[in-house]
Amino acid sequence: MKHPLGRVVSGIVSLMLGTAVLAQNNPTAVSQPGGQASGVWQAPNTAHPGGKLPKDVKVQLVQVAGGFVDPIHITSANDGTGRLFVCERPGVIRIIDKDGKVMDEPFYDNRANTSFQFLENGLYCVEFSPKFKENGLLYIAYADMWFNGATFIVEYHVDPNDPNKVDMTSARPILRIDFPYCNHHGGKMKFGPDGYLYIGVGDGGWEGDVLDAGPDLSTLMGKMLRIDVNVKDRKNERYTVPDSNPYAHAADPQLMVLFGKSEKTFSEIKQKAKPEIWAYGIRNPWTFSFDRKTGDLWIADVGQNTWEEIDFQPANSKGGENYGWNYMCGTHPFPIEKEKTGEKWPIVGVMPVAEYSHATDGICVIGSSVYRGKDFPDLDGIYFFGDWASGRLWGLAKDDAGKYQMQELLNTSLNLSSGGEDEDGNIYFTNATSQYGTWNPFQSPKGAVWKLVSADKVPQGAKTAPLDNK
Ligand SMILES: [Ca+2]
């Protein structure tokens, strides 16, 4: 999500810019040798709205539970209990039990220490250990009030006497990330198929990446991180860096043997790189997820004034991908004005698999997951994502020719705030109503949790998402 100014600016300026770009009327992609472009360039396999999924897909969002204060994360513990855990931005985690009832008592309540006055701060995420059933450990990321909204990642143990309570005395700090500004903090965490904890961190920099964090390997901002919280010495170690992280040994002293080394070898020595970095060139990965079948990673990276993007990382990646920010936003130059001036601009990093324009489709991308549930076979293999401002919902998948297709499936009037999965691979979205400038979420209308279903499988009497007729 963005700064209030960012939103206003994107609402007005981006409309103008977007229209201008559209008016230039494509597709005179001028790709220059050496990764340079000028004007509007088209990446070979980046999908845009208006595509057609390989299968006929019709979906609906069905309300599972309401009454939440700015719900911004939903997940499960994968422990066989069928519970859903919903993070409320002011610092509370609530449980929806397997029968769909919201439990009266919260699972976790840390309102006293959570900074939530600004819309992009609060309780970001809870992620359960892959071995939660055996070890009872879970990880919470939130903006800490006492440290100027720094992201705290803290390990807790579930209460040994009550499976529906966090033992608040078990807190064990894992990582603190400081930010100079209050926006673009990310805060989402997921355990990968490799058992390591992945953390999304935004560029933390006002707007336009004024810190140059995206390409800067010496900061954790503007990155995907990968750490190992499964430490041997729990008293003295907070986490370790997996040996296979791309910069795990970047800071190691180098022997001054200069001869016999190639230029490529020299170029790969990055002494200032933080070892926790897994991928870089990212603006604000507010949501990301792993495909539970393939292990592929899908990152919804919130863009600047004009383009939103979905990035993809195959399961066999060795890390170290650069997703382009702040040289590019989507498949476009940053700043976007370079498309009009005709000057050459560099094509940097891994292009997104999908992008959409602020001029037509939304301003803040909200990802969920690739559907791998059993109940709706038509949805299998499709990545579902939406937009916070427009309430649109899309499906994204490759067609038979291997080309990504992005198809709009719903146009709701919800402010979508996050997406997640239950134990069985069903997909859910949350909607939250607070806006920029609304400092007190308790005064905003309550938000809800919505389950993605095939349109022909909406249960009788279910409440479905309100639709926009635009
Ligand atoms: Ca990018």
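This is a predicted model: local features need pLDDT of at least 70, side-chain atom pairs count only at pLDDT 80 or more; totals for chains, interfaces and linings use all residues.
Student: How do you know how confident the predictor is in the protein chain?
Tutor: Look at pLDDT, which runs from 0 to 100. The protein chain averages 92, and 93% of the residues score at least 70.

Student: Where does pLDDT stay under 50?
Tutor: Over residues 1-34. For that stretch the model has 60 contacts beyond four places in sequence.

Student: What makes up the protein chain in helices and strands?
Tutor: There are four helices and 29 strands.

Student: What share of the residues counts as buried?
Tutor: 49% of the 470 residues. The cut-off is 20 or more other C-beta atoms within 10 Å.

Student: What share of contacts joins residues at least 24 apart?
Tutor: 62%, counted among contacts between residues at least 6 apart in sequence.

Student: Why is Leu 138 called buried?
Tutor: Count its C-beta neighbours inside 10 Å. Leu 138 has 23. The cut-off is 20 or more. Leu 138 therefore counts as buried.

Student: Where does Leu 138 lie, and which residues is Leu 138 in contact with?
Tutor: Leu 138 lies in strand β9. Leaving aside neighbours within four places in sequence, its contacts include Val 126, Glu 127, Phe 128, Tyr 156 and Val 158.

Student: What makes β8 and β9 a pair?
Tutor: Pairing needs at least two bridges. β8 (residues 123-128) and β9 (residues 137-144) have five, in the antiparallel sense. In one of them, Cys 125 has Ala 141 in β9 as its bridge partner.

Student: Why is β8 called mostly covered?
Tutor: Six of its six residues are buried.

Student: How do you know that β9 and β10 pair?
Tutor: Again, at least two bridges are needed. β9 and β10 (residues 150-158) share eight, in the antiparallel sense. Asp 144 stands opposite Ala 150 in β10.

Student: Which order do the strands of this open sheet follow?
Tutor: The order is β8-β9-β10-β11, with antiparallel pairing.

Student: Why are β8 and β11 said to stand at the edges?
Tutor: Each has a single partner strand, so one side of each is left without a neighbour in the sheet. From one strand to the next, the twist averages 25°.

Student: Which strands form the open sheet that holds β28 and β29?
Tutor: Four strands, in the order β3-β29-β28-β27, with antiparallel pairing.

Student: What makes β3 and β27 edge strands?
Tutor: Each pairs on one side only. β3 covers 59-68, and β27 covers 416-421. In this sheet the twist averages 25° from one strand to the next.

Student: How do you know that β28 and β29 pair?
Tutor: The cut-off is at least two bridges. β28 (residues 427-431) and β29 (residues 447-454) have four, in the antiparallel sense. Tyr 428 stands opposite Lys 451 in β29.

Definitions and conventions: Residues are numbered from 1 along each chain as its sequence is written. A residue is buried if 20 or more other C-beta atoms lie within 10 Å of its own, exposed if 12 or fewer, and partly exposed in between; C-beta atoms are placed from the backbone. Helices (H or I, at least four residues) and strands (E, at least two) are DSSP runs, numbered from the N terminus. Two residues are in contact if their C-beta atoms, placed from the backbone, lie within 7 Å. pLDDT is the predictor's confidence in each residue, from 0 to 100. Axes are lines fitted to C-alpha atoms, for helices over the stretch in contact, and angles run from 0 to 180 degrees between N-to-C directions.
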